[in-house]
Amino acid sequence: MNRFSAQLLLILSLLVFTTACDDGDIIVTTFDFDEIQLENCGEPGDYVFYKINNSNLESISLVLGTTDEIYLSTQDRTYALNGTSNFVNYRTYSAEVGPEFFCSNVTPSTPEIVNDFAGNSGDALLEVIAVNDDNDGIALENELDELDEDGDGDPFTNPLDTDGDGLPDYIDFDDDGDNVPTANELDTENADGDDNPYTNPKDTDNDGIPDYLDPDDDGDGILTRNEDTNANLDPTDDVTDPAVGPDFLNPDVAVETVVEAYRSHTFTLTTSVTVTLLDLVLTNGSEELIRESLFLGTIDNAFNATFLVEPVFTND
């Protein structure tokens, strides 16, 4: 039991002698959540973070009524607890409680709430880390503004966009805009034996530009994107000489079919969030409990989604 748990239990133990039920039962609470995983549910306008300790029939929960899309970007967010849209509840129950008590549209009528301390004063600090992944085999840090070309010290504000399609490379599964996925243009055969496809990417024409950044992979003067005879936005299935492979990798085949479109792209977003309550005041009638800082926990996979985006084609 940490110092706050012990202090809170002492305070509540002193209080129960003046707040005993009519039938003589003494209300006992533990406020023991140190080993309990923080959970979440809800959406913009109704976010919920909660912990349930059914060993002691108690819970603590945070409700945020903000319409902010809190999971979509990396940043720290602070929300004032106001008792209406943003509030905390510490509760004890007559029996075990489940997630539906916090995440369903209609609160179940059972179990009965025995004690309900409301936290309507203080702040909720959310430390949000959102990670985009285009699953192209290249680590995020290698597709940002590593050289800090804009001089602001933040690699995310000017990330690489090799093909100028409006999608930064770190969420673009086709970095050079040739309609061949980047993942297919790396060291897919693990030729160097290091199990890292990024360290030895293919360079078909040996021009010093790896295929995943080279709009003309075989160096025949025809853009890879335009060596797509059937114009289905997939140059990999256009093969004149099966012994060599697709035309975009065969310098002896230079037939141009103008294609002015990029393939649709998908990327995943995985977000973690850490929740801390600051200057929290919990009240239940005349009873008042104060905590300067209460760490609720971290959820590593608070949000996970796959997005479909349409890159913008340009002739630049």
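Helices (H or I, at least four residues) and strands (E, at least two) in these legends are DSSP runs, numbered from the N terminus. The model is predicted, so local features need pLDDT of at least 70 and side-chain atom pairs count only at pLDDT 80 or more, while totals for chains, interfaces and linings use all residues. Residues are numbered from 1 along each chain as its sequence is written, and side-chain values use heavy atoms, with hydrogens and water left out.

**View A. Asn135 and Asn190 in the loop between E6 and E7.** Asn135 sits in the loop between E6 and E7, and its phi is positive, about 55 degrees, although it is not a glycine. Asn190 is found in the loop between E6 and E7 and also has a positive phi of about 55 degrees without being a glycine. With a relative accessible area of 27%, Asn190 is partly exposed; here buried means under 20% relative accessible area, exposed over 50%, and partly exposed in between (1.4 Å probe, protein chains only).

View B. Ile60 belongs to strand E3, residues 58-64, and is buried at 2% relative accessible area. Beyond its neighbours within four places in sequence, Ile60 has contacts (heavy atoms within 4.5 Å) that include Phe31, Phe33, Phe49, Val88 and Leu296. Phe49 lies eleven residues from Ile60 along the chain, and their C-alpha atoms are separated by 8.5 Å.

**View C. The largest nonpolar core.** A nonpolar core is a set of buried Ala, Val, Leu, Ile, Met, Phe, Trp, Tyr and Cys residues joined through side-chain atoms within 4.5 Å. The largest one has 28 residues, and Phe49, Leu62, Leu126 and Val273 have the most contacts inside it. Strands that each supply at least two residues of this core include E2 (46-53), E3 and E5 (86-93). A second, separate core of nine residues includes Tyr50, Val63, Phe101 and Phe102.

**View D. The Cys41 to Cys103 disulfide.** The structure holds one disulfide, defined as a pair of cysteine sulfur atoms within 2.5 Å. Cys41 is joined to Cys103 with an S to S distance of 2.1 Å, and the link is left-handed, at -90 degrees about the S-S bond. The pair ties together distant parts of the chain, 62 residues apart: Cys41 is in strand E1 (residues 39-43) and Cys103 in helix H2 (residues 100-103). Cys41 is buried at 14% relative accessibility, whereas Cys103 is partly exposed at 34%.

View E. Take a look at the loop between H2 and E6, where Pro111 has its place. The peptide bond from Thr110 to Pro111 is cis, with omega near 5 degrees.
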